[in-house]
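Here are my notes on this model, as numbered points. Please read them with the coordinates open.

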Amino acid sequence: MDSQQAVTPQGNKSSFISRFGRRNVILVSAIFIVLAVIATLMSQVISWNEADERLVHQSAFTGNLTVIDQAGPYLKAFGSTSAYKKVISINFTGDSSATASAIVPLIPIRFLDTTTGGARGVSRFRLPGNVPAGESGSLRGLLKIHEEFGSQETLISNLLMRATTENVKASARMMSVEQHYSGGNGQLSQDFADQLTNGIFVTEQIISSGERDKTDELNNLSKQQRVTINIKKDSEGNALRNAPILGAYGITVVDASIIDIDYESKVNARLEAQKQAAADEALARQNLKKAEQQARTEVALGEQAIAKQRAESEKLKIKEQIDAERVKANAIISAQQRVAVKAELAKEQAEILKQQRLEAMGMDVLAEARQRAKSAALDPKYVFDETLKAEVKIQTALFTSLGNSRLVPEIVIGAGQGEQSNGSEFMRILAADAALSLQKRLDKDKKTK
């Protein structure tokens, strides 16, 4: 049965060839071979150039080198070609998935304080095109690069990568790790691009010591020393540089930057300690500000309470002063009133005393008058003289009254209102008669004496 299965494919093949024909099979095979030869010959005669590349073509017949800049098909004519990217990028970030002409690990560096680390970054270079040969016939531009390096891979490894590494290391040697950590990464990247383009600075180290202790000798320096980098300058003040190695080939730097630095482990530990110390210092400073603010608040509250207490004390003091002034005023008024009362009483007492003195004087006068009257009452002449004086006054009044009276009655019948009545006239007559009688008596007495 196995023999039958083994015979079946051979039988099918024989049947296919017999049906298609041996001649036709040979014809088709010959066509395929001719097409393959034609394609091979065409690829050796005409080829294709990419837009981001330049080709260095070497003629198969003359050996001359030419640069093909244009993208698209070109006549190869059985010559050999070497492709170069117009812009070659070198990625030293350590990212294996990055897209670049060359991907390399981190570049090891050493800072000014001998601290080590790994630099991450990217550098990009533009290659020159077809540059005419010099007067001496020497090649220039991409042809010179191809003549010396032969391929893009060799150019990257022997020139571009070396230039990148040297400039990264030279830039790192110009600062300490503390300077870089405290914000010097931008300066490091700038120095890297500058030196890669224009050449590495010619520098010198300057060791500066701290202040000398006055108790020590002048030649004994402090243990704290500081190393700085000084860029040398020419007589015109321009920085001295080494010749850029890329300038001789016409290669220009498109851009170059150092993204970050991976410090060694002990540096990371030290920086973490410094970071923690800085954080603690910031926290302490913040707590200090908070405490100071709280203290100021407490002081303000205390001053406010003191001011309030002082205001209350002043208010109470003013009230006490007002009350004291009121009591004092009342006391003064009361005293003045008492003084006035006393003065009034004294005045009244003085008046009473005056009245009493006057009364006493009057009593004395009255007593004296009475004494004199008593003494005079015993003197007949005095009594007569006094009687006479009284009689004279009476007679004077009487004659005055008689002078104003009518001795003859005037009777008016039907007298109107306001006229004197007959009764009044009659009374005046009686008064006149009495006066005449008294006059007669007085005259009689005088004659008797």
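1. Start with the helix pair. The axes of α4 (residues 152–172) and α5 (residues 177–198) cross at roughly 135° and come within 9 Å. Axes here are lines fitted to C-alpha atoms, for helices over the stretch in contact, with angles from 0 to 180 degrees between N-to-C directions. The crossing of α4 and α5 is right-handed (left-handed if the near helix is turned anticlockwise from the far one by less than a right angle, right-handed if clockwise).

2. A word on the basis. This is a predicted model, with local features needing pLDDT of at least 70 and side-chain atom pairs counted only at pLDDT 80 or more, while totals for chains, interfaces and linings use all residues. Residues are numbered from 1 along each chain as its sequence is written, and side-chain values use heavy atoms, leaving out hydrogens and water. Helices (H or I, at least four residues) and strands (E, at least two) are DSSP runs, numbered from the N terminus.

3. Which residues make the contact between α4 and α5? From α4 come A163, T164, N167, V168, A170, S171 and A172. From α5 come L188, D191, F192, Q195 and L196. Contact means heavy atoms within 4.5 Å. The set divides into seven nonpolar, four polar and one charged (Ala, Val, Leu, Ile, Met, Phe, Trp, Tyr, Cys and Pro count as nonpolar, Asp, Glu, Lys and Arg as charged, and the others, Gly among them, as polar).

4. Look at S171. This residue of α4 is buried, at 0% relative accessible area (buried is under 20%, exposed over 50%, partly exposed in between, with a 1.4 Å probe and protein chains only). Leaving aside residues up to four places away in sequence, S171 touches L188, D191, F192 and Q195. S171 and S189 lie 18 residues apart in sequence, with their C-alpha atoms 8.0 Å apart.

5. Now the sheet. Three strands form an open, antiparallel sheet in the order β3-β2-β5. Strands pair if DSSP finds at least two bridges between them. β3 (65–68) and β5 (80–85) are at the edges with a single partner strand each, so one side of each has no neighbour in the sheet. Neighbouring strands are turned by 25° against each other on average, direction ignored.

6. Strand β2 (residues 53–58) pairs with β3 over four antiparallel bridges. L55 has I68 as its bridge partner in β3, and V56 stands opposite V67. Six bridges join β2 to β5; there, R54 is partnered by Y84. Helix α3 (residues 142–149) lies across β2, β3 and β5, at about 120° to β3.

7. Two backbone angles to inspect. In the hairpin of β2 and β3, with six residues between the strands, G63 takes a positive phi near 80°. T114 is not a glycine, yet has a positive phi of about 70°. T114 sits in the loop between β8 (107–110) and β9 (116–126). T114 counts as exposed, at 53% relative accessibility.
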